[in-house]
Amino acid sequence: MSEQVPGQEPGQSTVRRLCWIYPERGTAGQRAYEDAAVWDAYRALAKNLSLELSLHKPEEVSVDATDPARPKVYLKGEQVTPADTVFVTMLYSLPHQGQDVANQLFLFTVLERLGFYLPIPPQWGYVVADKAATMLHLAGSPIPPVPTVRIGTGRDAMTGHYDPALAGLDYPLLVKPANWAMGLGISVVRNLHDLRGVIGLAGGAETALVAQPYIENPRETRVYVVEGQVRAVVQGWKEGYCGMVNRGSGGRRQWAYTELPERMRSTVAYVAERLPAPYFTVDFLSDGQRDWLSEVELDGAAGFGLDEASDRIAADMVEARFRAYLDGHAHHLGRAGHTARTGTAP
């Protein structure tokens, strides 16, 4: 799909725009928080690399496929091409974004077919968007994934059809939506009656749940990985009854940058092999005796505003992430040019 740009060497990146497909349904307060904590710093760091960073709702992309061999793509009415634009296509599925899920899924697939470089390949974005799918994909991890049971809720939720699946877990349980984020919807259930209540509430929104063992006051380690190399590590304690750490969900998030514990290194390498993306974060939980792999994100944000030293580390890591995207784009252009000349499938 991608055509060689005149005067451009194969494999030379000409990208000028870095565009997140991001459903815009947050409140004014949410938008202000996200800008201050993430997006303002991201825009400034992208500008240092001569990139324009912007956020776009799925419906802002239009495709003229009247001639499928020569499609045209428009972003808010402006034509864009695989040579000049990179789309970041992580699946966002918070409760207020539920109506956008189908639009995202299909748009990401269309952009991939159009030949755009997507640093978060849709197939891997779909895997990490669901907590149970993540654990299944990383089943061979040296540090084992947190034991997880996925429960489909809905109108039949009160029948207990999920009881056999839960037979291997003991109370108390940590129960949370299978594909939300930011600590939203986390509950601790201590008996069957608590569980039925939480499942009934989730069924009102057709929200699938995962149940995991409750780890009291766990230490969390988040590892930021760029092109397979560890760029930063933060550690902190999950606080509160439900173990929330994110400031956006009420936690104070008392964490600090540190070194990667040696015992986690092989697991980070395993995740990099199983999820071949230029950037990801991987989270571990520890109770002082055991470690568990708890989560992977392909668009894990680096927070800003804690202190000057932390902001410098975050900036270095984000800039490395963007450079990895530029390198990936250059490689993609070279491959696309080869495809155009040989007629081979992408």
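Predicted model: local features only at pLDDT ≥ 70, side-chain atom pairs only at ≥ 80, totals over all residues.

User: How many helices and strands does the chain have?
Analyst: The chain has 7 helices and 15 strands. Both are DSSP runs numbered from the N terminus: helices are H or I with at least four residues, strands are E with at least two.

User: And what share of the residues is buried?
Analyst: Buried residues are 50% of the 346 in the chain. Buried is under 20% relative accessible area, exposed is over 50%, and partly exposed is in between (1.4 Å probe, protein chains only).

User: What about the accessible surface of the chain?
Analyst: It comes to about 16,500 Å², with 52% belonging to carbon and sulfur atoms. The areas come from the Shrake-Rupley method with a 1.4 Å probe; for residues, only the protein chains shown count as cover.

User: What share of contacts joins residues 24 or more positions apart?
Analyst: Such pairs make up 67% of the contacts in the chain with a separation of 6 or more. A contact is heavy atoms within 4.5 Å.

User: Let's zoom in on helix H5. How many residues does it have, and how far does it reach?
Analyst: H5 covers residues 192–203, 12 residues in total. Its first and last C-alpha are 16 Å apart, close to the 16 Å expected at 1.5 Å a residue. The expected span is 1.5 Å times one less than the number of residues.

User: Which residues of H5 are buried?
Analyst: Leu195, Arg196, Val198, Ile199, Ala202 and Gly203. Down the axis of H5, they fall within an arc of 165 degrees, so they line one face of the helix. The arc is taken from the directions from the helix axis to the C-beta atoms.

User: Which exposed residues sit on the face turned away?
Analyst: His193 and Leu201 are on that face of H5.

User: What do the buried residues of H5 pack against?
Analyst: Four strands: S7, S8, S9 (187–189) and S10 (209–213). S10 has 4 of its 5 residues buried, so it is largely enclosed by the rest of the structure.

User: Which strands pair with S10?
Analyst: S7 pairs with S10 in the antiparallel sense over 3 bridges. Arg150 has Val210 in S10 as its bridge partner. S8 also runs antiparallel to S10, over 5 bridges, and Val175 stands opposite Ala211. Two strands count as paired if DSSP finds at least two bridges between them.

User: Switching topic: what is the strand order in the open sheet of 3 strands?
Analyst: The order is S3-S4-S5, with antiparallel pairing. S3 (61–64) and S5 are at the edges with a single partner strand each, so one side of each is left without a neighbour in the sheet. S4 and S5 are joined by 3 bridges, and Val73 stands opposite Val80 in S5.

User: Where is Lys76, and is it buried or exposed?
Analyst: Lys76 is in the loop between S4 (72–75) and S5 (78–80). Lys76 has 58% relative accessibility, so it counts as exposed. Its phi is positive, about 50 degrees, although it is not a glycine.

Definitions and conventions: Residues numbered from 1 in each chain as written. Heavy atoms only, no water.
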